[in-house]
Amino acid sequence: MGNEAGYVGLGAAKAKQMREAIDKAITEAKLNVIPVRLGCGSWECRCGSPHSVPVKTRGKAGSVEMILIPAPRGTGLVAGDTAKAVLRLAGVKDVWTQSKGETRTKENTAKATLEALRNILAYKTVKDWARA
Ligand SMILES: [Zn+2]
């Protein structure tokens, strides 16, 4: 696992009390800052402010695949509770999600969501390489 930060935060999401899990995850997220690149990748919005993801991105963990799709302002987080918690922590306000696999497995769902967020950075890297 390349990202211990995400892993730890996700482990906390398994706590019985959702509230407690979120608080714990917030604390851990502050300690282990994962750079998440936000943006407005929605062709219906194009406001340019960082309220969504800049590109359609996907992440995989175990059997779960999570796809994040840029959404226009005001859409909110169209996601299951687990993905929502991760997205909220990441600062995403509007996004559509598609998921495949066993999303009842919270740990994998959270990991896949985080992986999708991390993969945004990969897109950026590829772009930068192309430019260099
Ligand atoms: Zn926008």
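Student: Why are glutamate 107 and lysine 111 separated by about one helical turn?

Tutor: In this predicted model, the closest N and O atoms of glutamate 107 and lysine 111 are 3.8 Å apart, and the two residues form a salt bridge. Both lie in helix α4 (residues 106-131), and they are separated by about one helical turn because their positions are four residues apart.

Student: Is glutamate 65 buried or exposed?

Tutor: Glutamate 65 forms a salt bridge with arginine 58, with 3.1 Å between the closest N and O atoms, and another with lysine 100 at 3.8 Å, N to O. Buried means under 20% relative accessible area. Glutamate 65 has 15% relative accessibility, so this residue counts as buried.

Student: Which strands hold lysine 100 and glutamate 65?

Tutor: The side chains of lysine 100 and glutamate 65 meet in a salt bridge. This pair links distant parts of the chain, the two residues being 35 residues apart, with lysine 100 in strand β4 (residues 95-100) and glutamate 65 in strand β2 (residues 64-70).

Student: What is the geometry of the site of the zinc ion?

Tutor: The zinc ion is coordinated by Cys40 (SG), Cys45 (SG), Cys47 (SG) and His51 (NE2), at 2.1 to 2.4 Å, and in sequence these donor residues follow the spacing C-x4-C-x1-C-x3-H. Four donors count as tetrahedral if all angles lie between 85 and 135 degrees. The angles among the four donor atoms here are 97 to 118 degrees, and the site is tetrahedral.

How values were computed:
Residues are numbered from 1 along each chain as its sequence is written. This is a predicted model: local features need pLDDT of at least 70, side-chain atom pairs count only at pLDDT 80 or more; totals for chains, interfaces and linings use all residues. Side-chain values use heavy atoms; hydrogens and water are left out. Donors are N, O and S atoms within 2.8 Å of the metal (3.2 Å for Na, K and Ca); water is not among the atoms, so sites may look incomplete. Four donors count as tetrahedral if all angles lie between 85 and 135 degrees; four count as square planar and six as octahedral if opposite donors are over 155 degrees apart and all others between 65 and 115; anything else is irregular. A salt bridge is a side-chain nitrogen of Lys or Arg within 4 Å of a carboxyl oxygen of Asp or Glu. Buried means under 20% relative accessible area, exposed over 50%, partly exposed in between (1.4 Å probe, protein chains only).
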